[in-house]
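Here's a quick briefing to read alongside the structure.

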Amino acid sequence: MDFEDTPEEAAYRERVRAYIKEHKSKLAPGGRYADASKEDQQLSQATLYDGGFMGIGQPKEFGGQGGTPIQQAIVNQELAEAGVAGPINGIGMGMCAPTVIAHGSKEQQDRYLHRLFRADDVWCQLFSEPASGSDLAALRTTAVREADGNWRINGQKVWTTGAQFSDYGILLTRTDPTLPKHRGLTMFVVDMHHPGVTVRPLRQMSGRSQFNEVYFDDVIIADEERLGDVNDGWRVALTTLMNERVNVGGGGSELGVPAEELLKHARARLPELTEENRALAKRDLGAILVDSLGSRYTGHRVLSKLSKGEAPGPEASAGKLSGTRVARHGADLGVRLLGDDAVYAATSDGNNLWQSTEAGLPGLAIAGGTNEVLRNIIGERVLGLPAEPRLDKTSPFEGAKKS
Ligand SMILES: Cc1cc2nc3c(=O)[nH]c(=O)nc-3n(C[C@H](O)[C@H](O)[C@H](O)COP(=O)(O)OP(=O)(O)OC[C@H]3O[C@@H](n4cnc5c(N)ncnc54)[C@H](O)[C@@H]3O)c2cc1C
C-alpha cells in the first residue's frame, strides 16, 4: 500500500478540509473523550452527512455515499485533525447499518437507513448479557411468538453503549431453547422508546456513563421488525460482529491519544524530570512510537484489503490487539509525565485528557472482542494451533450447564 495520497485522494482531502472549515460552527468539538449534547452531536453528524461525508462506504441506494474505505479513513483523519467529534451514531453506522443492509427487508432499509446515517435516529447494539459476552451465543433474553405473530421480549442486556440516547437498537434474542445455542437465536430491530424498555446508565471509573443496563419487560415487537429468518440470528449477528472488529480499532484508526500528541506532551514535560526519569521516559517514548507505527500499518493492511473488496481476516484482530496495547502504554507514559498532576481530575494544563484516557482504555481491551479472545483467533487462524474444545455446539441450549 502507498501511504502518500494519490492526486484524487489529495483532492478529496482538500474538499473534506474545506467543508469542515466552512461548517465548523455546526460541528461538535472533538477529542476522543469530549462530551456534547445529543442534539449538538446530531446536528454535527447531519451537517457532515449533507456534505457527503457520513456513511461513506455504504452504497447510495441505502442512503450511503458510495465511497471507498480510503475516503472514510481520510475523513476520520481530517475530523481528528480539526478537533471535531466522531459521529454520535458510530455504532449505528459501523455495526447496525451493515446488518440492516445485509439482512433487512426493503421496507426496513427504506425506513431506517437514511435517518440513521444523518443521525436523525441514533442506534445501539443490544447483544451482551450478564452471562454472555465472549460466549455471545449463550444469551438468555427470550422472544416468544404471540398468537397474532408478534413477539414478546423478556430479559436483560448489559454494557450497551449509547442506549441512554438511542432511538433504535438491534436486539439478539433466544427464540428456541430446544435447539443448540447457535441455532435458536433471532435478531430484531427494537424501538428504544417502546413501553417495557428500561435503560439504566452504568457509571465508569472515568466518571462518565457511556454504557447501560437495558431491561425488557413484556416488550412487544412486530414480526416485520425481525432481521433475517427465525432462528437464523447467529448468521445475522456474525455480520454485526465482523463489522465491529474492523470498526473497533482494526482499520488503522488510532486508539487512545495519537502518538504525535504524546510526543508534544513529552517535549513539554521532559525538561521538568530528573535525569534518570528523563532517560526512562525517552526509552519508553521510543518504544511506543515504533509500536504505534507498527499498529498503524497493520490497520493499513486492513484498509488495503477492504479497498480491494476483500473481507479482512485475522489482521483486524491483530490490529485491535496491538492498537490497544500501544494505546495503553502511551497513556501510562502520559500520566507518568504529568507527575503529581496525574492525581488530579484536571491537570495544570487545564484538561484531563491523560487521566480520562488511562481510565477509559481498559474497556477498549474488552469491547469488540477481549484481548484473550483475539489471541485465540490469532492462535487458531494464523498460527494453526488446535481450536478450543467445544462441547456445547450440538446439544440443546436448555440442557446446557448455566454459569
Ligand atoms: C467499552 C465497552 C463497550 C461495549 N459496548 C457494547 C455494546 O454497545 N453492546 C453490547 O452488546 N456489548 C457491549 N460491550 C460488551 C462487550 O461486548 C463484552 O464485555 C465482551 O464481549 C466481553 O464479555 P464479558 O464482559 O461477558 O466477559 P467474559 O466473556 O465473561 O470474559 C471474562 C474474561 O474471560 C476471558 N475469556 C472468555 N472466554 C474466553 C476464551 N474462550 N478463551 C480465553 N479467555 C476467555 C475474557 O477474555 C475475559 O478476560 C461493551 C464492552 C465495553 C468494555
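**A buried glycine and its surroundings**

Gly169 is buried, with a relative accessible area of 0%. Keep in mind that we're looking at a predicted model here.

**Gly169**
- You'll find Gly169 in strand 4, which covers residues 168–174.
- If you skip the neighbours within four places in sequence, Gly169 is in contact with Trp123, Cys124, Leu126, Phe188, Val189, Val190 and Met192.
- Gly169 counts as buried because its relative accessible area of 0% falls under the 20% cut-off.
- Gly313 sits 144 residues away from Gly169 along the chain, and 27 Å separates their C-alpha atoms.

**Domains and annotation**
- The chain splits into domain 1 (7–87), domain 2 (123–229) and domain 3 (249–383).
- An unreviewed UniProt entry puts "domain: Acyl-CoA oxidase/dehydrogenase middle" at residues 124–219.
- That stretch, residues 124–219, comes out as 48% strand and 0% helix, with 17 Å between its end C-alpha atoms.

**Ser44**
- Ser44 belongs to helix 2, residues 38–50.
- Is Ser44 buried or exposed? With a relative accessibility of 3%, Ser44 is buried, since the cut-off is under 20%.
- Leaving out neighbours within four places in sequence, Ser44 has contacts with Lys26, Leu27, Ala28 and Val84.

Notes:
Residues numbered from 1 in each chain as written. Predicted model: local features only at pLDDT ≥ 70, side-chain atom pairs only at ≥ 80, totals over all residues. Heavy atoms only, no water. Helix = DSSP H or I, 4+ residues; strand = E, 2+ residues; numbered from the N terminus. Buried < 20%, exposed > 50% of the residue type's maximum accessible area, 1.4 Å probe, protein only. Contact = heavy atoms within 4.5 Å. Domains from an automatic or database assignment. UniProt positions renumbered as here; feature names shortened; annotations may be inferred.
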